[in-house]
Amino acid sequence: MASGKNVSMYRTNVRCAPVGSFDCNMVVSMRPVPLDLLAKAVTVTAACPGAHGAPVHIGDPARLGVANISEPDFGDPTEIKEGEVPVFWACGVTASEAIKSASELSLRWSPLLIFIHLYRTSACIYTLPWIHVYN
């Protein structure tokens, strides 16, 4: 974010547990972490399970089914410098993928903004600054 870019996000080969018509693979965000700060990054984020929590994977992106780390599915490419390791966290875009898999829903996603629309009507039922849910 300091460079004015959005975080890199990737579709993985890790299947989420399907619920009803919601069925997708996990999407992860990746941030390069210096090796000497890796333990601290894991400890600090693990203490925040209500956010993204601990990393779901550290290291080789191919283990998640990410063929080319320089070509994210969402966001911007992130340079991994010498002495850094790619660290992957569960990403909120997974919810977008799950909703897109359910044919009766429509979803539009953008960083910090989610728009969900149920086809039946257009009465707004819930609004937060970053999320709008219509039914």
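Reader: Which residue's side chain is joined to that of E97 by a polar contact?

Author: The side chain of K100 is joined to that of E97 by a polar contact of 3.0 Å. A polar contact is a pair of N or O atoms within 3.5 Å; within protein, one must be able to donate a hydrogen and the other to accept it, and residues adjacent in sequence count only if both atoms are side-chain atoms. Please note that this is a predicted model, in which local features need pLDDT of at least 70 and side-chain atom pairs count only at pLDDT 80 or more, while totals for chains, interfaces and linings use all residues. Residues are numbered from 1 along each chain as its sequence is written, and side-chain values use heavy atoms, with hydrogens and water left out.

Reader: Where is E97 placed?

Author: E97 belongs to helix α2, which covers residues 93-101. Helices (H or I, at least four residues) and strands (E, at least two) are DSSP runs, numbered from the N terminus.

Reader: Is E97 buried or exposed?

Author: E97 has a relative accessible area of 15%, so it is buried. Buried means under 20% relative accessible area, exposed means over 50%, and partly exposed lies in between (1.4 Å probe, protein chains only).

Reader: What is E97 in contact with, leaving aside its neighbours within four places in sequence?

Author: With those neighbours left aside, E97 is in contact with R11, C24, V27 and F74. Contact means heavy atoms within 4.5 Å.

Reader: New topic: what does the secondary structure of the protein chain come to?

Author: The protein chain has two helices and eight strands. Along the sequence they follow the pattern β-β-α-β-β-α-β-β-β-β.

Reader: In what order do the four strands of the open sheet come?

Author: The order is β1-β2-β4-β3, and the pairing is antiparallel. Strands β1 and β3 are the edge strands, each pairing on one side only. Two strands pair if DSSP finds at least two bridges between them.

Reader: How many bridges do β2 and β4 have?

Author: β2 and β4 pair in the antiparallel sense over seven bridges. In β4, W89 stands opposite S29, and V85 is the bridge partner of V33. Strand β3 (residues 57-58) is joined to β4 by two bridges, also in an antiparallel arrangement. Here the partner of H57 is F88 in β4.

Reader: Is β4 mostly covered or uncovered?

Author: β4 is mostly covered, as five of its seven residues are buried.

Reader: Which residues make up the largest nonpolar core?

Author: That core has eight residues: Y10, M26, V28, M30, L64, V66, I69 and F88. Strand β2 (residues 25-34) gives the most to this core, with three residues. A nonpolar core is a set of buried Ala, Val, Leu, Ile, Met, Phe, Trp, Tyr and Cys residues joined through side-chain atoms within 4.5 Å. In soluble globular proteins, nonpolar side chains tend to be buried together.

Reader: How many aromatic pairs does the structure hold?

Author: The structure holds one. Y10 and F88 form this edge-to-face pair, with 6.3 Å centre to centre and 70 degrees between the planes. Rings of Phe, Tyr and Trp (its six-membered ring) pair if their centres lie within 6.5 Å; planes under 30 degrees apart count as stacked, over 60 as edge-to-face and the rest as tilted.

Reader: Which parts does the pair tie together?

Author: Y10 lies in strand β1 (residues 8-15) and F88 in strand β4 (residues 84-90), so the pair ties together parts that are 78 residues apart in sequence. Y10 counts as buried at 1% relative accessibility, and F88 counts as buried at 0%.
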